[in-house]
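Open the model in your viewer and keep the selection panel at hand.

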Amino acid sequence: MKRKTWLITGASSGLGKALAEHVLAQGDQAVVVASSTAATTELAARYPETALAARLDVTDPELRAAGVRMAEERFGGIDVLVNNAAIDFIGALEEQQEDDYRRLFEVNFFGAVGLTRAVLPGMRRRRTGVIVNVSSMDGLASLPANGYYSASKFALEGFTEALWQEIEPLGLHAMVIQPGSFRTGIENRTKVSGEAIEDYAATAGAFRAMMGHLTPEMFPGDPRKAAEVVYAEATAENPRHWVVLGSDAQRRIGVKLDQLRAEFDAGRDVALSTDFPGSADNAVL
């Protein structure tokens, strides 16, 4: 079987690092990138023939282009792009600072969009390739204090859903990964944004207070097991579109889907009442 070449962002820790290690252990090739190369360089040194470490801030268009160019020059092309890099700030929507939530969108959404657009020409030319966008259970089920993070993941999911409809006729695929809480050390990297407002003490404030008391045992997901699943799904003959990872994600997303269905069914008559008479059969979609 031909080796696949992966480009994995956020590969210095967490799920990205676990996936990079798994990909390389399977004999595939990987360009492992992060904003700092300390961890990725060590990983690449263990696989000198099949790994390439590079510094890539996903918010920098020049670095995105350079990363794709290095992958193509070293390995001939990118078969699987994994947009995994992400950051998080917590706080009520009114509390958080604009610089923080704009930075969050630049990394979580626009960085993934930019890299996707950079790899698509090569994938279209070869008529093969998979885009793996790592979302979150928060990409379907939002929570107080995490609204901007959720919004960035909602955006990524909408982008990906349109993407797979556009590229599947070309032989390409795209999928969304929706992890729950995994033991990646994210609790140590998540930052609070803005000053607390007392009126939100019972909602966003409760989430803020919890952040100081998190332990690894509160995160049920195993990154190594997640990496195995992502690898299997991305290399499947017919990749799925949505891949939920973790018992907490399965539970939270299930609750959200039940709520959506209940409100959707309850509002059917209202929805139908807003059409021009007899126009439903002529709808463009």
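Select strand S1 (residues 5-8) and strand S4 (residues 80-83): they pair in the parallel sense over three bridges. Strands pair if DSSP finds at least two bridges between them. Strands (E, at least two residues) and helices (H or I, at least four) are DSSP runs, numbered from the N terminus. Now pick Ile8; opposite stands Val82 in S4.

This is a predicted model: local features need pLDDT of at least 70, side-chain atom pairs count only at pLDDT 80 or more, and totals for chains, interfaces and linings use all residues. Residues are numbered from 1 along each chain as its sequence is written, and side-chain values use heavy atoms, with hydrogens and water left out.

Show the whole sheet. Seven strands form an open sheet with parallel pairing, in the order S3-S2-S1-S4-S6-S7-S9. Strand S3 (51-55) and strand S9 (242-245) stand at the edges with a single partner strand each, so one side of each has no neighbour in the sheet. The twist averages 15° from one strand to the next.

Angles run from 0 to 180 degrees between N-to-C directions, with axes fitted to C-alpha atoms, for helices over the stretch in contact; contact means heavy atoms within 4.5 Å.

Finally, select Thr9, Val58, Asn83, Asn84, Ala85, Val107, Asn108, Gly111, Ala112, Leu115 and Leu156, which line the largest cavity. On a 1 Å grid over the protein atoms alone, a cavity is a set of points where a 1.4 Å probe fits but cannot get out, and lining residues have an atom within 4 Å of a point. Helix H4 (residues 98-126) gives the most to this lining, with five residues.

Note on methods:
On a 1 Å grid over the protein atoms alone, a cavity is a set of points where a 1.4 Å probe fits but cannot get out, and a pocket is an open set with protein on both sides within 12 Å along at least five of seven lines; lining residues have an atom within 4 Å of a point.
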